[in-house]
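Let's work through a few exercises together, one step at a time. Keep the sequence and the 3D view open while you read.

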Amino acid sequence: MTENIMKITGLSHRYGASWAIRDINFEISQHGVLGLLGSNGAGKSTTMNIMCGVLNQTEGVVEVGGHSMQTDSIAAKKLIGFLPQNAPLYLDLTVKEYLTHCAHLRLIPPRQVTSAVYKAMSKCGVTHFANRLIANLSGGYRQRVGIAQAIIHEPRLVVLDEPTNGLDPNQILEVRKLIKEIGEEKAVIFSSHILPEVQATCSHIKMIENGRMVFADSMDAFNNYIVPDSLIVNLKNAPGIELLERIEGVTKVEALSDDRFRIHFSNGQELAERLIAMSVTHNWRMQEISFEKSSLDQIFAQLSQKPTSATA
Ligand SMILES: Nc1ncnc2c1ncn2[C@@H]1O[C@H](COP(=O)(O)OP(=O)(O)OP(=O)(O)O)[C@@H](O)[C@H]1O
C-alpha cells in the first residue's frame, strides 16, 4: 500500500456564520501533480490555507506525514512548501536575498543555506536573476521565485494556490512545465478555476464546488466522465425537428436558430457519421458539425448531483 503524505478528514470551515467548506476528505500520495479545481469562491484557498497551517479549521483533521497540523505543526510544516494566492515576495530584496531569508525562516542550517538557495534558483530557472530586485522581475519570474521559496527546504508536498493566475500565455506554459518537473520528485497540489489548466498538468483531479468535494479521481476518469453528449449542427436546408428526432441515437433536438440545432445523443461518433451521410443523401447542406464541450458550470452542476468519491 502506498503511504500518503497528507490526509484530510472531515474538514469544515466557517467565516462568521457562513460555511466556506464542508466535510472535505482526501489523501495525497507521495508523487505526482494533483489539481484542485473549483470556480471562484468554491473554497480552494480556504482548503489550502488550512492544509498549510495558515488558517485554523473549524472542524476536521489535517495530517502531514503522520503529524497533526494542529498539535504538531512544526513537524507538519517542515514537510510542506506553500505558495499562497498572493506570492509573499519582498519586492525591495534581490532574488538571492529573499530566498536566503526564506531559507533561514525554514530553519535550514546556516551552512547549507547558500547551496539550498542556488539549488532552488536553478530548479526554478531564476539563477541569472539572482542579483535582480524582485520589483524588477516580470510576473512569470516573480511566480518562479514564489515557487522557489516553496521548495527551498525540500518539502515532500508542495501546495500552490492558483500559481498561473495573472500570467501571460507563454509564462503559463513555463510555470506549468516547472510544476510538472517538481511533480516528478514530490507531491504537488495546485488550485485553478480553469479546467484545461488542470487537464494539461495533472494526473489526478479533485473538484470543489460550494465548499463541497464533488469529484475526486484520475484525470482519465474525469475525461471519460465529461464525454460530450450533444452536437451542434448547421443545416442550411434543414428538415423539421420531428424528422431529426426520429434519427437513431438522437434523444432530443433543440432549435438554436432556423438552421442551427443542438442534437442530444446516446452514441456520438456513430451519430455524427450518420448525420453527415444523411445530409448528403437528403441535401440538407450541412455547414457545421461539432461536438459540444460541457462548460465548467455544466460539469459542476452534473457532478453536484452525484455522490462524492474521495479516493485518488
Ligand atoms: N476571510 C474571509 N472572511 C469571510 N469570508 C471569506 C473569507 N475568505 C473567504 N471567504 C469566503 O469563503 C468562500 C470560499 O472562499 P475561498 O477564497 O476559499 O474560495 P476560492 O475557491 O479560493 O476562490 P477564489 O478562486 O476566488 O480565490 C467564499 O464565499 C469567500 O467569499
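Two strands pair if DSSP finds at least two bridges between them. Strands (E, at least two residues) and helices (H or I, at least four) are DSSP runs, numbered from the N terminus. You are looking at a predicted model, where local features need pLDDT of at least 70, side-chain atom pairs count only at pLDDT 80 or more, and totals for chains, interfaces and linings use all residues. Residues are numbered from 1 along each chain as its sequence is written.

**Exercise 1.** Find the order of the strands in the open sheet that contains S12 and S14.

*Solution.* 
- Step 1: The order of this open sheet of four strands is S12-S13-S11-S14, and the pairing is antiparallel.
- Step 2: Look for strands that pair on one side only; these edge strands are S12 (250-255) and S14 (286-291).
- Step 3: On average, neighbouring strands here are turned by 20° against each other, direction ignored. Axes are lines fitted to C-alpha atoms, for helices over the stretch in contact, and angles run from 0 to 180 degrees between N-to-C directions.
- Step 4: Zoom in on S11 (residues 230-235) and S13 (residues 260-265), which are joined by five bridges in the antiparallel sense. Ile232 has Arg262 of S13 as its bridge partner.

**Exercise 2.** Describe how H3 and H4 pack.

*Solution.* 
- Step 1: H3 (residues 95-105) meets H4 (residues 113-123) at an angle of about 120°, and their axes are 9 Å apart.
- Step 2: That angle makes H3 oblique to H4. Under 35 degrees counts as roughly parallel, over 145 as roughly antiparallel, 65 to 115 as roughly perpendicular and the rest as oblique.
- Step 3: Now list the contact (C-beta atoms, placed from the backbone, within 7 Å). Among its residues are Val95 and Leu99 of H3, and Val113 and Ala116 of H4.
- Step 4: Sort the contact residues: eight are nonpolar, two polar and one charged. Here Ala, Val, Leu, Ile, Met, Phe, Trp, Tyr, Cys and Pro count as nonpolar, Asp, Glu, Lys and Arg as charged, and the others, Gly among them, as polar.

Notes
Contact = placed C-beta atoms within 7 Å.
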